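Notes follow in the order I worked.

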Amino acid sequence: MRTFYSCPSFRAVFALLLFTLFGTMAAVQAQTRMMPLGNSITEGTGSSHDGGYRHDLYFLLQNANIAFDFVGSLQYGTGFPDIDHEGHPGFLADQLAVPTYLANNPAEVIFLEVGTNDISYGESATQVRDDIERLIDDIYNVNPGIAIYLSTI
């Protein structure tokens with residue numbers, strides 16, 4: 001079984017994230033507020049530590065000496081200290097209340113994992129794409145400078 005962080009595409013995105021956000025490690029001083037946003041995969045439902053990808057991401061960021069804080073109104077997971085997130089099991093892309101989430105927990109980075117439930121409920125690929133585009137527009141309407149990392153399923 002492959003772990004999330006052993007996936008080549010994740011390592012590439014992680015490297016891009018580090019470069020985009022921090023340039024060099026010496027430049028890291030303040031905590032970067034990062035919001036894991038999405039559905040049950042973001043929450044961590046069914047993972048051995050109930051943290052899903054957030055667990056491994058936490059340790060990758062920590063081991064890279066990145067000052068960060070996961071933010072969100074929900075807390076779930078074990079085996080790592082920062083369990084804040086906005087992972088809503090069963091939610092479709094158009095059910096995520098991004099303006100509210102970001103008003104309550106401002107972030108500079110969003111890890112967006114969404115669309116699985118939409119497909120499972122029979123929405124067309126075109127509808128899911130359109131819903132995700134609107135969701136991304138909502139995020140940029142709140143904070144045009146935010147970095148969004150959209151997962152693939």
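Entry 1: I started with burial. Tyrosine 58 and phenylalanine 80 are both buried. The model is predicted, so I treat every value here as computed from it.

**Entry 2: aromatic pairs.** I searched the whole structure for ring pairs and got 6. I looked at tyrosine 58 and phenylalanine 70 in detail. Their rings are edge-to-face, with 6.4 Å between centres and 65 degrees between the planes. The angle is over 60 degrees, so the pair gets the edge-to-face label. Tyrosine 58 sits in helix α3 (residues 53-63) and phenylalanine 70 in strand β2 (residues 68-70), so this pair links distant parts of the chain, 12 residues apart.

How buried are the two partners? I read 10% relative accessibility for tyrosine 58, which counts as buried. Phenylalanine 70 is at 0% and is buried too.

Next I took tyrosine 58 with phenylalanine 80. This pair is tilted, at 6.0 Å centre to centre and 50 degrees between the planes. Phenylalanine 80 lies in the loop between β3 (74-75) and β4 (84-87), while tyrosine 58 is in α3, so the pair ties together parts 22 residues apart in sequence.

**Entry 3: helix α3.** I listed the buried residues of α3. They are Tyr53, Arg54, His55, Asp56, Leu57, Tyr58 and Leu61.

**Entry 4: strand β5.** Which residues of β5 (residues 109-113) are buried? I found that 5 of the 5 are, so the strand is largely enclosed by the rest of the structure. I sorted the side chains by direction. Val109, Phe111 and Glu113 point one way, Ile110 and Leu112 the other way, and all are buried.

Then I checked the strand's partners. Strand β1 (residues 32-38) runs parallel to β5 and is joined to it by 5 bridges. Leucine 37 has leucine 112 of β5 as its bridge partner. Strand β6 (residues 147-150) is also parallel to β5, with 4 bridges. There, phenylalanine 111 stands opposite tyrosine 149.

**Entry 5: histidine 85.** I located histidine 85 in strand β4. Its relative accessible area is 1%, so histidine 85 is buried. What does its side chain reach? I found the backbone nitrogen of glycine 87 at 2.7 Å. I also listed contacts, leaving aside neighbours within four places in sequence. Histidine 85 touches Pro36, Glu43, Arg54, Val71, Gly72, Ser73, Leu74, Gln75 and Tyr76. Arg54 is also among the buried residues of α3.

**Entry 6: positive phi.** I kept the backbone check for the end. Most residues other than glycine have a negative phi. I noted two residues with positive values.

Aspartate 50 is not a glycine, yet its phi is positive, about 55 degrees. I placed aspartate 50 in the loop between α2 (40-43) and α3. Its relative accessible area is 26%, so aspartate 50 is partly exposed.

Asparagine 65 has a positive phi near 60 degrees and is likewise a residue other than glycine. Asparagine 65 follows α3, in the loop between α3 and β2. Is it buried or exposed? At 63% relative accessible area, asparagine 65 is exposed.

Terms used. Residues are numbered from 1 along each chain as its sequence is written. This is a predicted model: local features need pLDDT of at least 70, side-chain atom pairs count only at pLDDT 80 or more; totals for chains, interfaces and linings use all residues. Side-chain values use heavy atoms; hydrogens and water are left out. Rings of Phe, Tyr and Trp (its six-membered ring) pair if their centres lie within 6.5 Å; planes under 30 degrees apart count as stacked, over 60 as edge-to-face and the rest as tilted. Buried means under 20% relative accessible area, exposed over 50%, partly exposed in between (1.4 Å probe, protein chains only). Two strands pair if DSSP finds at least two bridges between them. A polar contact is a pair of N or O atoms within 3.5 Å; within protein, one must be able to donate a hydrogen and the other to accept it, and residues adjacent in sequence count only if both atoms are side-chain atoms. Contact means heavy atoms within 4.5 Å.
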